[in-house]
Amino acid sequence: MSQAQAEQLTARRQQELESIARTVQREMLFWLARLDPEDLLGSWFSEVLPGLYAALTRGQVRAAGGASAFVAEAATLMGLDAATDWSVVPAAFGRSAADGRPVSTLLTTPALRGHLAVVERGQGAEWAAGQIRQSVLLMGASEVADAGRGAVQTAMAGTPRITGYIRCIQAGACRRCAILAGRWYRWSADFLRHPRCHCYQIPAGESHRGRGGRGSWRTDPRAYFTHLTSRDQDRVFGRGGAAAIRAGADLPSVVNARRTAASLRRLDVGGGTIVTTTVEGTTKRGYYSHVRRQLERIEGRELSRLRLTPEAIFRLAADRTELVRLLGRHGYLVRAAADIARL
């Protein structure tokens, strides 16, 4: 058992997620081919959107599937006790975007923007259709990746001995991701990412804090730099930055000095707390509604129908006990029905 084995296992899972994303994009291309530039919105709602919606939601559920088994195996390789009473509900990660919007709303945004570009700004219809296709394909890959990451982080939250995670990078990582390789984060920390980010997390415990930067290019920024060819070093870190790093400059300092607007996505809370909710999975047939009805019967009161996203729950929970309870109440983790009163 070793971290190297856990890294390899996690890399294989990441490859599986990328394969799912490619499959989703191929299915999306089939439906996007039906987009009529001369009738963008008409063809979008009648023929394109239903197919895109089905393809993406299937991909999200597939990406979330196996998260519990993966976390258990990775934790064991890291020398951690993987015992838990919880398991992830894959369906809970479908039909809703990472920011809480319904997938149908997310997918329709590029179509509306393309339509407005044509009717208000005089752009060509073919150009608008091309922009729509490009945006939708990017959304497909990003949402599949986010579903996979969210399911893994949820599974880690439900495993008591996992107290954090180590950030790993994938081949082709950008410079902003590279300097985060190997960092240890608490289980409740947001996973910072940008569109098309290929980074992922390895379950870890307190004993693994500070182990990053030792050998593997997946968890060591300097090793990742030397793993690249000189040409790729210049491309990723900039010609001047790469030259400075090769001369012995501190890699994070060089990257931070060259920070641009393309940095990792962060939530601007503006002095308060911003949370996101979703209406997905709240119908009477959804697992969340089942949990809510059972809790209403047990507690003898009507509960809110608003469903928090996993990201919002991670930000709101004061401690791990509350986090796991909220993930259970909102239908992302499941346990024996006899214990539902403990949620």
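Modeller: Happy to! One term comes first: the bend at a residue is the angle between two fitted axes, one for the seven residues ending there and one for the seven starting there. Keep in mind, too, that this is a predicted model.

With that in hand, look at helix α2, which covers residues 40-64. At Val 48 this helix bends by about 50 degrees. A proline, Pro 50, follows within four residues of that position. Just after α2 you will find Gly 66, whose phi is positive, at about 80 degrees.

Now bring in the partner, helix α1, made of residues 3-32. In general, two packed helices are described by the angle between their axes and the distance between the axes. For α1 and α2 the angle is about 170 degrees, and the axes are 9 Å apart. Angles over 145 degrees count as roughly antiparallel, so α1 is roughly antiparallel to α2.

Which residues do the touching? On the α1 side they are Arg 13, Leu 17, Ile 20, Thr 23, Val 24, Glu 27, Met 28, Trp 31 and Leu 32. On the α2 side they meet Trp 44, Glu 47, Val 48, Gly 51, Leu 52, Ala 55, Leu 56, Arg 58, Gly 59, Arg 62 and Ala 63. By type, the contact residues divide into 12 nonpolar, 3 polar and 5 charged.

To place this pair in its setting, the protein chain comes to 13 helices and 7 strands. Of its 343 residues, 50% count as buried. Among contacts with a separation of 6 or more, 72% are between residues 24 or more positions apart.

Two cysteines elsewhere in the chain are also worth a visit. A disulfide is a covalent bond between the sulfur atoms of two cysteines. The count here is 0 disulfides. For Cys 177, the nearest cysteine sulfur is that of Cys 199, 3.6 Å away, whereas the cut-off for a disulfide is within 2.5 Å. Cys 199 is likewise in no disulfide, with the sulfur of Cys 177 as its nearest. Cys 177 counts as buried because its relative accessibility is 2%, and Cys 199 counts as buried at 2% as well.

One last stop is His 227, in helix α7, residues 221-227. His 227 counts as partly exposed because its relative accessibility is 44%.

Methods:
Residues are numbered from 1 along each chain as its sequence is written. This is a predicted model: local features need pLDDT of at least 70, side-chain atom pairs count only at pLDDT 80 or more; totals for chains, interfaces and linings use all residues. Side-chain values use heavy atoms; hydrogens and water are left out. Helices (H or I, at least four residues) and strands (E, at least two) are DSSP runs, numbered from the N terminus. Buried means under 20% relative accessible area, exposed over 50%, partly exposed in between (1.4 Å probe, protein chains only). Axes are lines fitted to C-alpha atoms, for helices over the stretch in contact, and angles run from 0 to 180 degrees between N-to-C directions. Angles under 35 degrees count as roughly parallel, over 145 as roughly antiparallel, 65 to 115 as roughly perpendicular and the rest as oblique. Contact means heavy atoms within 4.5 Å. Ala, Val, Leu, Ile, Met, Phe, Trp, Tyr, Cys and Pro count as nonpolar, Asp, Glu, Lys and Arg as charged, and the others, Gly among them, as polar.
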